[in-house]
Amino acid sequence: MAEVKKSKLVFFLVGSVLLISFTFYAYQIIYVPNILVERDDRVFIIKPGATYRSVLTDLGKGNFVNDMVSFSFLARLAGYDEKIIPGRFILRKGMTNLQAIKVLKSGKQEPVKITFSYVRLTDELAEKLTRNIGVTPDEFKEALEDFVESNQDGFTKENIRSMFLPNTYEVYFYVTPNELIERMHQEFRKFWNEDRTAKAKKLGLTPIEVSILASIVQAETVKQDEAPVIAGLYLNRLKKDIALQADPTLVYASGDFSLKRIYNVHKEIKSPYNTYKYPGLPPGPINVPQIANIDAVLNYTASDYFYMCAREDFSGYHNFAANLNEHSINARKYQKALTAEMKKAEANKN
């Protein structure tokens with residue numbers, strides 16, 4: 001009888017120790033920080049096609065997890081090994097195994113900010129939009145070509161850049177090229193609300209044409225308070241069917257964006273973007289205009305101006321004129337100031 005009691009006591013003690021040990025271990029793997037211990041928050045990227053094993057490998061190589069055995073055990077217990085969701089996830093300093101597994105298993109991704117400001121060409125747009133996401137510039141351009149072929153909103157290869165509004169947007173890292181383009185399409189539609197659309201219609205322009213004109217205004221001035229005046233000047237020319245004669249369109253037509261001055265030879269360039277040779281708007285924007293310049297066209301300043309010339313004080317502003325005679329006077333003042341400035345620079349060299 002004593003032996004039986006002794007055996008029961010030993011069994012009880014061993015069982016108690018095992019239970020305490022298991023409880024302690026269970027507490028540790030669930031509640032003790034095991035992610036980025038003594039490290040800062042970091043992005044963890046899971047690529048499409050990743051396996052449970054490759055995820056563990058990346059977590060280990062990147063020093064995200066302190067104790068991989070406990071993480072792997074709990075991950076399998078939670079069923080994470082059965083479905084891996086690709087994406088861009090933020091793992092935070094001092095997370096527990098359970099917290100990290102919940103983030104990865106839920107697919108709750110941290111959005112990526114994409115932004116672009118001054119862009120001339122589609123190649124530049126593709127590079128800037130895809131810089132921080134899983135889409136490549138080539139994938140973006142291929143999807144954009146497909147969109148141009150199928151859209152019903154009047155977007156063409158030449159004017160498609162009108163659809164993109166410079167801003168900062170949040171998307172997920174593994175957004176598809178088509179999803180990204182559709183997002184930009186929806187932003188365009190949202191921007192062109194009833195009020196803006198009505199203003200464009202009153203000008204006799206489509207939203208796309210407004211963006212094209214805004215791109216020229218943007219290239220003409222960095223002074224935002226002057227943009228509505230320049231927009232009004234070009235609208236006067238369009239109404240009278242007078243060629244816009246906008247120098248920035250010749251720079252675009254030449255393909256040489258380093259051009260600082262326009263000469264008569266440039267005015268002979270055979271291109272639909274040559275607004276000296278061909279009246280009306282060019283077939284597409286010469287850059288992706290800022291929202292402020294689109295609104296400058298829609299809310300233009302009415303005037304009788306048809307000509308403009310850089311001011312002789314080199315302030316970046318322009319002198320405006322209603323007729324060629326006034327314009328010639330302004331042009332001579334600028335040329336005189338420019339010649340004097342060049343002579344001064346030459347004298348300083350010597």
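Me: How many salt bridges does the structure hold?
Reply: The structure holds 13 salt bridges. This is a predicted model, in which local features need pLDDT of at least 70, side-chain atom pairs count only at pLDDT 80 or more, and totals for chains, interfaces and linings use all residues. Residues are numbered from 1 along each chain as its sequence is written, and side-chain values use heavy atoms, with hydrogens and water left out.

Me: What makes glutamate 170 and lysine 113 a salt bridge?
Reply: A salt bridge needs a side-chain nitrogen of Lys or Arg within 4 Å of a carboxyl oxygen of Asp or Glu. For glutamate 170 and lysine 113 the N to O distance is 2.9 Å, so the pair qualifies. The two residues link distant parts of the chain, 57 residues apart: glutamate 170 is in strand S6 and lysine 113 in strand S5 (strands are DSSP runs of E, at least two residues, and helices runs of H or I, at least four, numbered from the N terminus).

Me: Why is lysine 113 called exposed?
Reply: Exposed means over 50% relative accessible area, buried under 20%, and partly exposed in between (1.4 Å probe, protein chains only). Lysine 113 has 52%, so it counts as exposed.

Me: How do you know whether glutamate 187 is buried or exposed?
Reply: Its relative accessibility is 15%, so glutamate 187 counts as buried. Its salt-bridge partner is arginine 183, at 3.0 Å, N to O. Both lie in helix H7 (residues 177-191), 4 residues apart, about one turn of the helix.

Me: Why is arginine 183 called partly exposed?
Reply: Arginine 183 has a relative accessible area of 28%, which means that it falls in the partly exposed range.
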